[in-house]
Each structure stands twice: as structure tokens, then as C-alpha cells.
Amino acid sequence: MSNTLPTTSREIQLAARPTGAPTAEHFALVERELPAPAEGQILVRNTWMSVDPYMRGRMDDRPSYIPPFQVGAALEGSAVGEVVASRAAAIPVGATVSHFAGWREYAVLDAATATPIDTELAAPQHYLGALGTTGLTAYAALTDVAPVRPGDTVFISAAAGAVGSVAGQLARTLGAGRVVGSAGGSAKTALLLEEFGFDAAIDYRAGDLAGQLATAAPDGIDVYLDSVGGEQLRVAVQALRQHGRVALVGAISGYNGATGAAGPDLFLAATKEATLCGMLVNSYFPIFGEYIGKAAGWLADGSLRTRETVYTGLDQAPAAFLGVLSGANTGKMLVRLG
């Protein structure tokens, strides 16, 4: 290895587990020694990292589908970066890769856990958004979990966010007759109409969700993509038509342990013969390549538009994460490193 390669790296560690909403005090910026890559490993200089709402659950010490973050250890999440040293023939120095060791400036990884990406196909940060797990979530939700059929009325919550903004556009591509989105505030609802092509937009902060949805979709809805839970899920189930379909993608309204509004009326869902189905995006990794091929084409021809909210510098990662929990982002929330 060259002597010019780094021997230390800064990372964001979990300083303490929050009770309720996390704050900056729950994170620590730490410099630690960086091991040299062993045989079969690579050293990656991270250039972009993702912060996502699901990470809030990993701050708690409780069983889940993914292990919790450990106090005193680096957080982790999706990132892309440049390979600056390699002891793996399959991934040479200079390659750009995606991986799961975000929240740090440099990462030593087993080459098998990194995926080379084509930066001529799309910009690197798109592999954390529209071409990443958020885009795949939207695609899988609307093609398999709660499939959109021609002419359907589709309702998307958190529609100005990373998953929702892609989902609304994909719904149209998949043949939806009407697409309705919810977002917080007039600026975001205007964006849904003017840039992302929604037919109607609901401001959940304005109250009377049921009334707003009835106005936006007077004949009811066929498909609902839920990233919020609570009141929005309850109102969506009320608005479902017979044989309606719900993709349960997230429940950000309850991530900080708040006692939110009552959940959906499951007896009503039963009488409507509705399907409410949860999803984990890792179940759809086998179709990731198929999705990227399609989505890259949509990005190139302009039928899929994206927005990003970018914080700069590793030290700003906690602020970006807290921002995504409070809805401060439009589109994908990203941290640019270096």
C-alpha cells in the first residue's frame, strides 16, 4: 500500500440511545485508526451517504428485522465512494462502489459486500435514491406488494420524500388513472403538482385529512402506499374501494415513540376485502438489476424526475438525519462527504 493512503478516519458513532425524539447529543464525531485492507478487501473513500427514516428504529435496543446500532460504535447505512486501495481482483482501484458502511469518511470492506456502479449511466448519488433502495422500494410496492392496475386511483403518503416522489411518478408509468399525494406545507404540495405530476395534493398539516382525501379522490382509492402510519393510514383505509390494496412501507409518525392517532379499522378493511401487506426492501434485492435498468432509462428520458436535499460534510450527517425525521427534506436526503 502507498504511504499516501489514510491511516485514520472520522466516523459518526451512537453516543446514547434516545428516549423519544433523538437530538444532536445522541451522536459523536470520532476519529479512529483505519486498518489496512486484508486479502479480499478494499478501502473506499466515501463521497455520498444516505440518511433514512428506518435508522431511527435502529437507535433503540429492541428486536427488529435488522440489528440495532451499538452505543460507542459507528452507525451504518447506504453510501457510495471511490476505491482507493484494493486487495480484491474483482474491484480495482478507481472503481465507484455502493455499500452499507456509511456514516464514516473511509471504509475497509470485504469486496463481496460492495457493488460496482456505472457512473456513466447515472450520477453516483442516484444510486442512493432513484436507483437505490428508495427507488426499488417504490417500484416493488407498486408492482408486487400493492400492484397498480390500469385506471387505478393511487394515494401516496410522504409524497415529496425519497420513496413517495418516485412512487407517484411510477404509478403514472404503471397506468394509474389518478395519483394523489400527501405532503407537509404548501411548498411541497405545489411541487407534487408542478414537478412530479400528481393530479391532486393534500397538505396533512392543514387538518381534515378525510375531507381533503374525499375531495382529491371522490370515488375512493384503489392503492395506498403508506410511509407514515397513524392518521393517514386510518383515513386511507376508510377511502379504499372494494379489493383495495395497501403497501405498508413505513410508519414515520410513530418512530419516536409518540402515541399517535388510532390505527386503521381492520374490520372495515375486511369488509372491503382489502389487502394490507408489509414489505422489506431487501426481499426485492434479486430484482435490483432489473429495476436499475428500467429506472435509468426513465431518468434519461425525463419521465422520472428527482429532487435532493444535500448537507455537506460528515459532521452534518446527524443534522441531516434529524431533518429527514422532521420532514425537512424534499426528495432524497443526502450527505456529501469530502
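A salt bridge, as I use the term today, is a side-chain nitrogen of Lys or Arg within 4 Å of a carboxyl oxygen of Asp or Glu. Please keep in mind that this is a predicted model, in which local features need pLDDT of at least 70 and side-chain atom pairs count only at pLDDT 80 or more, while totals for chains, interfaces and linings use all residues. Residues are numbered from 1 along each chain as its sequence is written, and side-chain values use heavy atoms, with hydrogens and water left out.

Searching the whole structure gives 14 salt bridges. One of them joins the side chains of Asp60 and Arg56, at 3.0 Å from N to O. Asp60 is buried (under 20% relative accessible area, where exposed is over 50% and partly exposed is in between, with a 1.4 Å probe and protein chains only), its own value being 16%, and Arg56 is buried too, at 2%.

Glu76 pairs with Arg58, their closest N and O atoms being 2.8 Å apart. Glu76 sits in the loop between helix H1 (55–58) and strand E4 (79–86), and Arg58 in helix H1, so this pair ties together parts that are 18 residues apart in sequence. Helices (H or I, at least four residues) and strands (E, at least two) are DSSP runs, numbered from the N terminus. Glu76 is partly exposed at 27%, whereas Arg58 is buried at 4%.

Let me finish with helix H8 (residues 288–301), where Lys294 and Glu290 lie four residues apart, about one turn of the helix. Their salt bridge has its closest N and O atoms 3.6 Å apart, and Lys294 is partly exposed at 38%, as is Glu290 at 41%.
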